Amino acid sequence: MNLMDTEIGGKFAKRFAGVSTLLDRSPLPREIQGLVKIRASQINGCGFCLDMHTKDAVAAGETPVRLALVAAWRETTVYTDAERAALALTEEATRLADSTGLSDDTWAHARKHFDDEQLAALVCLVGLINAANRMNVIVGMPGGSYEAGMFADFVEQ
């Protein structure tokens, strides 16, 4: 099922995309936004979102090495401390059912690297990508056919 082919799904998707655009324009660095979207989508098994966000990251200049190592970010040297803080927060916030919530250490590490506006954008982005992942997994949206930027005109500017 393609939710966007339904009246309610299409209207919802337009508003959802508007929120995504708001976050794209936030002070949270775009590279970090891409990594967050990819890591949450990996954890949630969302092929559609992985397809979209990896292709968009490549189009934005992200390197193949960094993309290939997102799932193993702790065991690599290719991410900055700020990126590591965002990835840790993303993982813990995505796996809420596996824990008692976000750890104090993870929150403190994120606070060290992001100001309030960036941190607000990060928290909202993690919530948004998790919602997108869940909806796409529920309806079985497959990955593979996305072309970088194909939804650019979907949101009214």
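This is a predicted model: local features need pLDDT of at least 70, side-chain atom pairs count only at pLDDT 80 or more; totals for chains, interfaces and linings use all residues.
Lining residues of a pocket are those with an atom within 4 Å of one of its grid points.

**View 1. The largest pocket and the helices around it.** About 1,200 Å³ of space lies in this pocket. Its lining takes in 42 residues, and Ser 20, Lys 37, Met 52, His 53 and Asp 56 lie nearest the centre. Helix α1 (7-24) gives the most to this lining, with eight residues. At least two lining residues also come from each of α2, α3 (47-59) and α7.

View 2. Look for Ser 41 in helix α2. Is Ser 41 buried or exposed? Its relative accessible area is 0%, so Ser 41 is buried. The side chain of Ser 41 reaches the backbone oxygen of Lys 37 at 2.7 Å, and Lys 37 is one of the residues nearest the centre of the largest pocket. Setting aside neighbours within four places in sequence, Ser 41 is in contact with Cys 46, Cys 49, Leu 50, His 53, Ile 129 and Asn 133. His 53, among these partners, also lies nearest the pocket centre along with the residues named in View 1.

**View 3. Gly 9 in helix α1.** This glycine is found in α1. Gly 9 has 10% relative accessibility and therefore counts as buried, since buried means under 20%. Beyond its neighbours within four places in sequence, Gly 9 is in contact with Leu 3 and Met 4.

**View 4. Helix α5 and its packing partners.** Residues 81-94 form α5, whose first and last C-alpha atoms are 20 Å apart, close to the 20 Å expected for its 14 residues. This helix is mostly covered, with 11 of the 14 residues buried. Among the buried ones are Ala 82, Glu 83, Arg 84, Leu 87, Leu 89 and Thr 94. Which helices do the buried residues of α5 pack against? They pack against α2 (30-44), α4 (64-68), α6 (104-113) and α7 (116-139).

**View 5. Helix α7 from start to end.** The 24 residues of α7 should span 34 Å at 1.5 Å a residue, and the end C-alpha atoms are 35 Å apart, which agrees. At the start of α7, a side-chain oxygen of Asp 115 comes to within 3.1 Å of the backbone nitrogen of Glu 117. Gly 140 follows α7, with a positive phi near 70 degrees.

Definitions and conventions
Residues are numbered from 1 along each chain as its sequence is written. Side-chain values use heavy atoms; hydrogens and water are left out. Helices (H or I, at least four residues) and strands (E, at least two) are DSSP runs, numbered from the N terminus. The expected span of a helix is 1.5 Å times one less than its number of residues. Buried means under 20% relative accessible area, exposed over 50%, partly exposed in between (1.4 Å probe, protein chains only). Contact means heavy atoms within 4.5 Å. On a 1 Å grid over the protein atoms alone, a cavity is a set of points where a 1.4 Å probe fits but cannot get out, and a pocket is an open set with protein on both sides within 12 Å along at least five of seven lines; lining residues have an atom within 4 Å of a point. Grid points are joined across faces, edges and corners, and a volume is the space filled by probe spheres set on the points. A polar contact is a pair of N or O atoms within 3.5 Å; within protein, one must be able to donate a hydrogen and the other to accept it, and residues adjacent in sequence count only if both atoms are side-chain atoms.
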